[in-house]
Amino acid sequence: MERNSAPYTLVFTLIVCAVCSVLVAGAYVLLGERQRSDAAVSRMLDILRLTGLAEAGEELERDEIFARFEAIRPRAIDTETWQVDPDVDARLFDQREAENDPLTSREAPPNSAGVRRLPSHVVVYEKLGDDGQLEQILLPIHGQGYGGQIYGFLSLGPDLNTIRDIVFYEHQETPTLGGRIDRPKWRSAWPGRRVFDADGSVVLRLVADPGPPEIDPHRVDLVSRASVTTAGIQNMIEFWMGPAGFASFLDDYRDTSASGDATVQRSQE
C-alpha cells in the first residue's frame with residue numbers, strides 16, 4: 001500500500017483514532033476513579049465539619065480525615081422498609097451509584113422535590129457521645145434546584161427534630177443567587193430550627209425575615225432573590241423528612257431510644 005494513496009491515509013487515520021480512543025477511555029476510567037475518591041473524601045470532610053470534628057476552615061490530609069472519621073457511625077437504611085440493614089456495609093456503599101443504576105434503585109413516588117429514583121439504600125451518619133448516646137445524626141437529602149440537582153446533608157440533634165446544621169456539597173446554582181446556600185451567613189440561620197411539630201408533621205418553612213429560633217422555631221430564612229432554589233430546598237425537606245423519606249425511620253429510632261434514653265424524643269412546643 002503506497003504511503004500517499006487514499007487507502008493508506010484512511011487506514012492510518014483509523015489506527016490513530018483507535019489509539020486515541022483507547023487512551024482517552026483509559027484516562028477517563030483512571031481519572032474518574034480518582035475523582036470519585038476525591039469526592040468521597042470531600043464529603044467525609046463535610047461530615048466532620050458538620051459534627052464538630054473538624055473546624056470550618058481546617059484543611060486535613062486524607063489520613064487525618066480517615067482517622068477522625070472513626071468517631072462517626074455510618075448506617076445503611078433500606079428504602080423499602082426504612083430500617084437499618086446490617087447486611088450492607090455503609091462504609092463502602094455508594095448511594096449515588098446505586099441511585100443511577102436501575103438494578104439498585106426504583107422509581108420515586110410522585111413528589112415536588114424532583115427526586116426521580118430512590119436507591120436501594122441511603123446512608124445516614126451518627127455521631128455518638130462517650131456514653132454511646134446519640135449526639136447528632138446526618139441525613140442525606142437532595143432535590144431539584146434552579147441549575148440541577150442539589151445534594152446535601154441535614155444534621156439533627158438527639159431529639160431528631162432540632163436542626164444542628166445544613167450543608168450542600170454539590171449543586172449548580174447561580175453563584176450570586178441560589179449559590180449563596182454555600183455561605184456561612186445563610187447556613188447560620190438554621191441551627192435551632194425544628195423540622196416537625198408535636199404530631200410529627202413536617203412544618204419547617206423557608207420564609208422572609210423569620211424570627212429567632214427560640215420564638216419562631218419552624219421558620220427559617222429563604223434564599224433571597226432565588227425563588228426556585230428556595231422552593232427546591234423547601235420541597236426536598238418536605239420529601240425526605242416526610243412519609244416517603246425518613247419519617248418512619250426517625251419514628252422507629254425515637255421509639256427504640258425512648259426505652260433506654262429519654263432524651264431521644266420529639267421536641268414539644
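How many of the residues in the lining of the second largest pocket are nonpolar, polar and charged? They divide into ten nonpolar, two polar and nine charged, where Ala, Val, Leu, Ile, Met, Phe, Trp, Tyr, Cys and Pro count as nonpolar, Asp, Glu, Lys and Arg as charged, and the others, Gly among them, as polar. The views below show a predicted model, in which local features need pLDDT of at least 70 and side-chain atom pairs count only at pLDDT 80 or more, while totals for chains, interfaces and linings use all residues. Residues are numbered from 1 along each chain as its sequence is written, and side-chain values use heavy atoms, with hydrogens and water left out.

**View 1. The whole protein.** Here are six helices and ten strands, taken as DSSP runs (helices H or I, at least four residues; strands E, at least two) and numbered from the N terminus. Of the 269 residues, 43% are buried (buried means under 20% relative accessible area, exposed over 50%, partly exposed in between; 1.4 Å probe, protein chains only). Among contacts (heavy atoms within 4.5 Å) between residues at least 6 apart in sequence, 52% join residues at least 24 apart. The protein exposes about 14,600 Å², with carbon and sulfur atoms supplying 54% of it; accessible areas come from the Shrake-Rupley method with a 1.4 Å probe, and for residues only the protein chains shown count as cover.

**View 2. The second largest pocket.** Its volume is about 430 Å³. Of the 21 residues that line this pocket, D46, R49, V167, D182 and R187 are the closest to its centre. Three elements, α1 (6-50), β8 (163-170) and α4 (184-187), each supply at least two residues of the lining. A pocket is an open set of points on a 1 Å grid over the protein atoms alone, where a 1.4 Å probe fits, with protein on both sides within 12 Å along at least five of seven lines; lining residues have an atom within 4 Å of a point. Grid points are joined across faces, edges and corners, and the volume is the space filled by probe spheres set on the points.

**View 3. The loop between β9 and β10.** D216 counts as buried because its relative accessibility is 13%. Not counting residues up to four places away in sequence, D216 touches R193, P210 and G211. H218 lies in the loop between β9 and β10 too, and is buried at 15% relative accessibility. Between H218 and R194 there are 5.3 Å in space, C-alpha to C-alpha, although they are 24 residues apart in sequence. D209, also found in this loop, is exposed, with a relative accessible area of 70%. Its phi is near 55°, a positive value in a residue other than glycine.

**View 4. From R225 into helix α5.** R225 lies in the loop between β10 and α5. This residue is exposed at 63% relative accessible area, and has a positive phi of about 65° although it is not a glycine. Helix α5 (residues 227-241) has 15 residues. Among its buried residues are T229, G232, M236 and W240.

**View 5. G143 in strand β6.** G143 is found in strand β6 (residues 134-144) and is buried, at 0% relative accessibility. Leaving aside neighbours within four places in sequence, G143 is in contact with A113, V115, G148, Q149, I150 and M236.

Technical notes: Expected span 1.5 Å × (residues − 1).
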